[in-house]
Amino acid sequence: MDTDTRADTGTDTGMGMGMGTDTGTSTSTSTSTSTGAGTDEAMPTPEEQLRIAQAVKDRLVEYWWDVDRDGARRALEFYTEDCVYLMCEHRMEGHAAIRRYYDYRDARGPRLVRHVITNLLAQVQGPDRATVDAVLSVYAADGVPVLPTTPPIMIADNRCEFVRGTDGVWRFRLHRIIPLFRGGIEVLAPPGE
């Protein structure tokens with residue numbers, strides 16, 4: 001396939017697609033020592049790179065479980081203060097915008113949703129920086145279980161840039177959902193859109 005989904009998003013974060021036939025266990029490590037900010041930092045040992053890769057993959061899974069099972073009650077814990085969340089064609093910057101979006105979703109009434117991620121690929125960029133690419137399938141409908149079965153409303157690339165805070169917690173600095181297929185029920189847009 002000759003198309004590059006980055007062309008549809010307007011910005012390139014430097015995260016490669018890396019989507020192959022992996023079943024979710026891939027880890028890619030970088031040998032570069034540049035942080036991209038003009039300073040050099042030593043790359044973690046191979047063992048630490050494996051721990052970092054698993055930690056950021058786990059963090060992405062934990063985030064979607066919070067969104068799906070607990071109405072995103074802890075969502076802001078997963079984002080840096082200066083985060084950017086690019087959801088489809090919508091841009092949310094900072095905690096206030098993300099909180100408004102999840103409050104809007106909650107105020108609409110019951111919504112059953114599952115964000116299913118597969119083919120996770122983590123790339124360690126440094127001791128406190130890593131990226132994760134995944135395929136995201138979204139199943140959603142208004143109401144409570146048990147609802148009729150339908151195909152996913154969206155299949156997308158989920159691309160994340162994580163940074164580790166001084167408290168040791170990994171958070172999204174950039175979280176992107178890049179739609180590839182859509183159909184059926186509409187994806188909920190942030191308020192004011």
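Leucine 112 stands opposite alanine 141, a residue of strand β5. The model is a predicted one, and the points that follow are grouped by topic.

**Strand pairing**

**Arginine 111**
- Arginine 111 lies in strand β4, and this residue counts as buried because its relative accessible area of 18% falls under the 20% cut-off.
- The side chain of arginine 111 makes a polar contact of 2.9 Å with the side chain of aspartate 142, while a polar atom of the arginine 111 side chain also lies 3.4 Å from the backbone oxygen of glutamate 186.
- When neighbours within four places in sequence are left aside, the residues in contact with arginine 111 include Ala140, Ala141, Gly143, Ile153, Ile185 and Leu188.

**Cysteines**
- Cysteine 83 is buried, because its relative accessibility of 1% is under 20%, and cysteine 160 is likewise buried, with a relative accessible area of 0%.
- The count of disulfides comes to zero, under a rule that asks for a pair of cysteine sulfur atoms within 2.5 Å.

**Confidence**
- The mean pLDDT of the protein chain is 84, and 79% of its residues reach 70 or more.
- Over residues 1-39, however, the pLDDT is below 50, although this stretch has 71 contacts in the model beyond near neighbours in sequence.

Definitions and conventions:
Residues numbered from 1 in each chain as written. Predicted model: local features only at pLDDT ≥ 70, side-chain atom pairs only at ≥ 80, totals over all residues. Heavy atoms only, no water. Pairing = 2+ DSSP bridges. Helix = DSSP H or I, 4+ residues; strand = E, 2+ residues; numbered from the N terminus. pLDDT = per-residue confidence, 0-100. Contact = heavy atoms within 4.5 Å. Buried < 20%, exposed > 50% of the residue type's maximum accessible area, 1.4 Å probe, protein only. Polar contact = N/O pair within 3.5 Å; in protein donor to acceptor, adjacent residues only side chain to side chain.
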